[in-house]
Amino acid sequence: MTSLKWWQTAVFYQIYPRSFADGNGDGIGDFKGIIEKLDYLKDLGVDALWLSPHYPSPNWDCGYDISDYCSVAPEYGTLDDFKTFLAESHKRGIRVILDLVLNHTSDEHPWFLESKSSRDNPKADWYVWMDGTPPISEGNGGSRRGVPNNWQSCFDGDAWTYVPERGQYYYHYFMKQQPDLNWRNPEVKQAMWNVVRFWLDLGVDGFRLDAIGTIYEDPSLTPHTVPMNLAQLRRASELARTPAEKKQIEKYWYDMFKHQWGGPGLHDLMKELRAILDEYDGDRMLVGEDDDIAYMGDGGDELHLVFNFPLMRTERITPDHIRRNQKERLTRLEALPVKGWQCNTLGNHDTSRLFTRYGDRQHDSSLARLHAALVLTLKGTPFLYNGEEIGMTDLIITDPSKLRDTMATWYYHSLVNDLGVDPAEAALRAGEMSRDKNRTPMQWNNAPNGGFSPPGVQTWLPVNPNYKEGINVRDQLHNPNSLLNYYKNLLRVRRNTPALVEGEYIPLHPRAEDYFAFLRQTSAQTVLVILNFSNNKLELSFSRTAALKDKSLHLLFSSAVHSHTDLSPKSLHLGAFEVFIAEVK
């Protein structure tokens, strides 16, 4: 291996703590449960964990509304439990990064309680406050008279909430329980940098930065020009059918929020944060919840990584889509003054599960294997989401009383009360758009509650009943052909194959429609990867590929059965949906 940083060679695994493992039997995941599963994660073959928010929170946005940045939510345990988790992870050679929510706090955070109490409070300017006349009425259908402008919260309607104590409105890009911090106030910045140092001093290895683009909004408060509100736009998105309608809706989404993103000052702020991490040993790292490579600065002074979200933004993963994505991303990363490093993923807690989102309802299992191989063989750092390794699927919750995603419950009530949609359809639409569907508890075995919680305990979200159909860890551990063992084998091959970790990416056969072929190449090793995205058997020749001329191939990994491990690149036979990885000899 060359002198790559640990975060360049690592495979990351996202843990959604509320849904990962219930160690005390109360129906909610916790640190005791996570600690008990660390050996599982080590055996799986991951190198680093991204922990979704574990801080105290009223949970209006499932932990992303933080009421104390320097503690642990009581339902997850104590700060000592966190320290044990961190120490036990490090003992196993597993790094840990935390979710860092910079844009907003909870409206129950002491800072906000002080800020809203009066205009004379020392923290009066810690949040974004604007004048406006009081609304005539509150709630759904209430008057919008008096708000500073027509900006929308991306979650639940107006982006402004009135506080009688101050006679002013505060701004919230997300829900009203998540007031935006005023990062133009130096005291706010210092307080948040103290939070960063608190966790770095404890030994965490870095941070995933939540929603960084929303930190600064347009100071001129320029109104949007979209002729509808958020609920109407969501509904229009569901009803759009023609390409022209969908294109118009896409433009409306951009226009509605374009003045609330990417305000001046973000890059200077990221440089300040990076400088803090650079004071610490151990190559602490930052990955942003954004795909804009500009947040990497010159490649060495802002974020270490941004996610390759454009890879995910398609209804179907195709060879052509992958090639175009890789060309665009890698070209831009390589053009940075300090060459940038890619970060690939196909799923997280905010998106439909990989198995569901990119399946075709006929070959879902085969496609899940292809998509796993794609993320784990492309150049860059892979991020996996807990449950992908066993093929967990979305669970559409059509009973609104069981939804915990407040964005979905708001939408349900808006559909019924404001837009006159039939309650049954509204419930289905809310269940489909809810993030609950991809946050259900991890399925550990074929037992009541999927082994997440003891029998008879009501889990915080329903467990997907398909745990009874082999979609659970224990059943798959004992099945050599399971998706879980596929992941374990693939992760082992990646770890033991330097070219798959650090090699350059060289695309092959650029016009192939059925398959995606490429090389990963270092000075010492060349590996050929072929992903057959079709249901066809293929006979392929790479005789014209210079790096393969007069060479042979030694099979490292395949999702199909080959009678020989030494093969000729002149004539390769691949099965339907096969994943093929071979070293060039």
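A salt bridge is a side-chain nitrogen of Lys or Arg within 4 Å of a carboxyl oxygen of Asp or Glu. The structure is a predicted model, in which local features need pLDDT of at least 70 and side-chain atom pairs count only at pLDDT 80 or more, while totals for chains, interfaces and linings use all residues. Residues are numbered from 1 along each chain as its sequence is written, and side-chain values use heavy atoms, with hydrogens and water left out.

**Salt bridges**

- The whole structure holds 37 salt bridges.
- Aspartate 320 pairs with arginine 324 in a salt bridge, with the closest N and O atoms 2.9 Å apart.
- These two residues, aspartate 320 and arginine 324, are 4 residues apart in helix 11 (residues 319–334), which puts about one helical turn between them. Helices (H or I, at least four residues) and strands (E, at least two) are DSSP runs, numbered from the N terminus.
- Arginine 435 and aspartate 405 also form a salt bridge, at 2.9 Å from N to O.
- Asp405 and Arg435 belong to a salt-bridge network that also includes Asp61, Asp350 and Arg439.

**Burial**

- Buried means under 20% relative accessible area, exposed over 50%, and partly exposed in between (1.4 Å probe, protein chains only).
- Aspartate 320 is partly exposed, at 41% relative accessibility.
- Arginine 435 is buried at 9%, and aspartate 405 is buried at 3%.

**Helix 6**

- In helix 6 (residues 110–117), the buried residues are Trp111, Phe112 and Ser115.
- Contacts (heavy atoms within 4.5 Å) that cover these buried residues include strand 4 (129–131), strand 8 (168–171) and helix 7 (186–202).
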